[in-house]
Amino acid sequence: MAKKQFKTESKKLLDMMINSIYTHKEIFLRELISNASDAIDKLYFRSLTDGNVNMNRSDYEIRLTPDKAARTLTVSDNGIGMTRAELEENLGTIAKSGSFDFKKEGEGKETDVDIIGQFGVGFYSAFMVSESITVVSRAYGSDECWQWRSSGADGYYVEEGVMDGHGTRVILHLRPDTDEEKYSEFLDEYRLRALVSKYSDYVRWPIRMLVTSERIKEGSPEDKPEYEEYTEDATLNRMVPIWKKPQSEVTDEEYAEFYRDRFRDYEAPLKVIRQKTEGLSDYTALLFIPASAPYNYYTRDYEKGLMLYSSGVMIMEKCKELLPDHFSFVRGLVDSADLSLNISREMLQHDRQLKSIAKALENKIADELKKMLETDREKYRTFFKAFGTQLKYGLYADYGAHKALLQDLVLFDSSNGEEPTTLKEYVSRMKEGQTQIYYAAAESRSQAELLPRAEAVVKKGYEVLYLTEDVDEFALMMLHEYDGKHFINVNSDGVDLGTEDEKNALKLENEKSADLFAFMKEQIGDGVSAVRFTNTLSGHPVCITSEGAVSTEMEKTLGRMPGAENGIKAEKVLEINADHPIASKLKLLFVEDKDKLADCSRLLYSAARLISGLSIENPSETADLLTKLMIG
Ligand code: ADP
């Protein structure tokens, strides 16, 4: 019998399991029971649509068999079983690819504890307690039985096996006890019972074990009872799904445990949301907001969706129709008595009832988030750190259709202080006579604060929102206004901070210098559409502002998108501080030294680009000009 090798990733994982110092080795039982339950689900589900499956619902069971003499623990099920190919495919390869990519990021820092905790590595976890494992399986409807066995990372064998019915038997040959670890505890009835009720109580199929107890022997005298041992086939789990229990009977810890197990997270959820309705559409939803974003959340790999149950039977693992994109981070399940069991994916898309459930859940999630924002700011900040970007995408998506739902859920940094603000809070602090909501966009908060125009606006006593994410400005553009107040980029030409007199004076000054500006513009070329004086710079000599819908920050974002080589550009204006000595110097040069003015124009333009976070178009020319000026 040829020994086969594990695929590389599987081997690494297996090594990790075998040498594991993970303290919660007991979770292997939960993993195996979960697999058994899934296998029964699959067969049961098939039986609903396939008349050839000859099983009654009450026939299904998961069985635990501890054998002290042989030092084995067997977990068996009469579910769908595996063919030879499936045995090899499923147990020779780790399904959760990507877990290692993740680990590489912080190489060296993580321990095996992290990876086990984070990815709930399923079947392989049994190697934490076993020196070897045998899996005997027979696929439903097949005459063949196959057996997989392995004592670790050096490979596995697949050979013919024997089994009467269909299903799978996982036989763990437990490791010898050591001073630190007593693996024999997994042969102990009481310990197994406790583990089942801790981790697998809600499993829908009965988990049975032969339990030996003592009882009073029949007919023995009442005053001097005699005892006898007897064995009963006990069901260890209560089988009531956690979402069907009255809420008062479920502790936070139980919800968290359920969540971690079902949704393979290593952290407790930030928030548990329950929704139970009866009437028009009758369903229970149990939803979780994770405490941090999964490693692939902001990638294409991430699949949104809720589990869909029909009266306790799982009919779909990820029903994406139940969640809008802006709440794609929510995990959980919906159990409805009215959904037909053999509903197909195509039908789901048009299912009115499903749509109305989805709508109700969307509102419920939004309400809960709002409540969190109002009552527990700190928690909300944690939430927003993980998923805020998604909400902002939501504002932007579908031409702003989700505005009403989302606009009060987003936070922005602001000049008001360290605490990010909502738009509502911003508006409540607006100065008397202020009509617009100011924002400055840059790569970071500190860069935004340093933008000359931002500084000037803050100095005038207005609050400025600091936008630091690519999506921010697009989201605000889509919102257009909040509470009747329009958003305005501090760098746009629409900002006016002066009094009427100041404005008139500036206008006059600009008209007088039209020739100067025309000359400067000619030196700079297409980079700007105009040059002019401004009084909105408080001390700084120059800046670039934009006219029209596209700002320089948006230009940068759009430029990063694929296929953007000849992309959209902001209409840029070079603004020169009318109150800065450079203004009179330029006027003088226009009269006395046009050559030098030409150099200065190009240098000022480069400097202004740098301030805006844009790159210099011709760095070596800039260096030449700079040194030329220095030499005089
Ligand atoms: P996961 O359960 O997360 O997919 P596992 O490593 O635990 O990962 O299992 C890998 C695969 O092996 C499962 O997806 C399933 O197809 C198969 N499998 C495991 N245990 C059983 C079982 N008891 N019956 C049928 N198939 C099983």
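**Figure 1. Helices α10 and α15 cross in a left-handed way.** Left-handed means that the near helix is turned anticlockwise from the far one by less than a right angle; clockwise would be right-handed. The model is predicted: local features need pLDDT of at least 70, side-chain atom pairs count only at pLDDT 80 or more, and totals for chains, interfaces and linings use all residues. Residues are numbered from 1 along each chain as its sequence is written, and side-chain values use heavy atoms, with hydrogens and water left out. Helix α10 covers residues 377-396 and helix α15 covers residues 470-479. Their axes come within 8 Å and cross at roughly 35 degrees. Axes are lines fitted to C-alpha atoms, for helices over the stretch in contact, and angles run from 0 to 180 degrees between N-to-C directions. Helices (H or I, at least four residues) and strands (E, at least two) are DSSP runs, numbered from the N terminus.

**Figure 2. Residues of α10 meet residues of α15.** From α10 come Thr389, Lys392, Tyr393, Leu395 and Tyr396. From α15 come Val471, Asp472, Phe474, Ala475, Met478 and Leu479. Contact means heavy atoms within 4.5 Å. By class, eight residues are nonpolar, one is polar and two are charged. Ala, Val, Leu, Ile, Met, Phe, Trp, Tyr, Cys and Pro count as nonpolar, Asp, Glu, Lys and Arg as charged, and the others, Gly among them, as polar.

**Figure 3. Tyr438 and Tyr462 form a tilted aromatic pair.** Their centres are 5.2 Å apart, with 50 degrees between the planes. Rings of Phe, Tyr and Trp (its six-membered ring) pair if their centres lie within 6.5 Å; planes under 30 degrees apart are stacked, over 60 edge-to-face, and the rest tilted. Tyr438 lies in strand β16 and Tyr462 in the loop between α14 and β17, so the pair ties together parts 24 residues apart in sequence. The charged end of Lys431 sits over the ring of Tyr462, 4.6 Å from its centre. For such a charge, NZ of Lys or CZ of Arg is within 6 Å of the ring centre and within 35 degrees of the ring normal.

**Figure 4. His480 and Asp483 have positive phi values.** Most residues other than glycine have a negative phi. Phi is about 75 degrees for His480 and about 50 degrees for Asp483. His480 is in the loop between α15 and β18; Asp483 is in the loop between β18 and β19. His480 is partly exposed at 48% relative accessible area, and Asp483 is exposed at 52%. Exposed means over 50%, buried under 20%, and partly exposed in between (1.4 Å probe, protein chains only).
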